[in-house]
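Dear colleague,

Please find the structure below.

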Amino acid sequence: MGASVLDGGTILPATCEEANTKDQSRQMDDQRKNAYRYLLYWAMLDIRLVAWIRLPWWNPFAWRQTWRRIHYAGSVADWLHNLAFFASTEFEGFDEEWFWNELHSFERRFGDFDLGRYKSVFDRRLDELNTRTT
């Protein structure tokens, strides 16, 4: 892969094809970043529902369900706090495999909640972004 060097040390691709290839890989990275940020947004919407929970004090069965919902929201926040950090640092050092493995671990703990929808939100957003660029 050839390159041209301008005065001042700026390196340019030698061909338009090489430039397009670099743009596509950068664009793909940007699309994944966008999809992760979109996932973070939707998860925050889920978490903020905790603020609206009303505990019927007269129903002890509702207490358990409410506690479970609060614990779930806290666990999602725990899972996503690293994503928020990496989103703020342009995902430098972000390990996608670890991130999705953590989701699977939460799925085992919270089988009664549809945590797989977070992966679906991410995948749909990525597909949407890829469709726009083709």
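Axes here are lines fitted to C-alpha atoms, for helices over the stretch in contact, and angles run from 0 to 180 degrees between N-to-C directions. Helices (H or I, at least four residues) are DSSP runs, as are strands (E, at least two), and they are numbered from the N terminus. This is a predicted model, in which local features need pLDDT of at least 70 and side-chain atom pairs count only at pLDDT 80 or more, while totals for chains, interfaces and linings use all residues. Residues are numbered from 1 along each chain as its sequence is written, and side-chain values use heavy atoms, with hydrogens and water left out.

Helix packing

Helix α3 (residues 96-109) packs with helix α4 (residues 116-133) at an angle of about 145°, the axes being 9 Å apart. By class, this contact of α3 with α4 has 4 nonpolar, 1 polar and 3 charged residues. Ala, Val, Leu, Ile, Met, Phe, Trp, Tyr, Cys and Pro count as nonpolar, Asp, Glu, Lys and Arg as charged, and the others, Gly among them, as polar. From α3, E96, W100, L103 and E107 meet G116, Y118, K119 and F122 of α4.

Q31 is found in helix α1. Q31 counts as buried because its relative accessible area is 7% (buried means under 20%, exposed over 50%, and partly exposed in between, with a 1.4 Å probe and protein chains only). Leaving aside neighbours within four places in sequence, Q31 is in contact (heavy atoms within 4.5 Å) with L126, L129, N130 and T133.

Salt bridges

The structure holds 7 salt bridges, each defined as a side-chain nitrogen of Lys or Arg within 4 Å of a carboxyl oxygen of Asp or Glu. K33, R37 and E90 are linked in a network of them. Within it, E90 meets K33 at 3.1 Å, N to O. That pair links distant parts of the chain, with E90 in the loop between α2 and α3 and K33 in helix α1, 57 residues apart. E90 also meets R37, at 3.2 Å, N to O. K33 is buried at 18% relative accessibility, whereas E90 is partly exposed at 46% and R37 is partly exposed at 32%.

A further salt bridge joins D123 to K119, the closest N and O atoms being 3.1 Å apart. Both residues, D123 and K119, lie in helix α4, 4 residues apart, about one turn of the helix.

Yours sincerely
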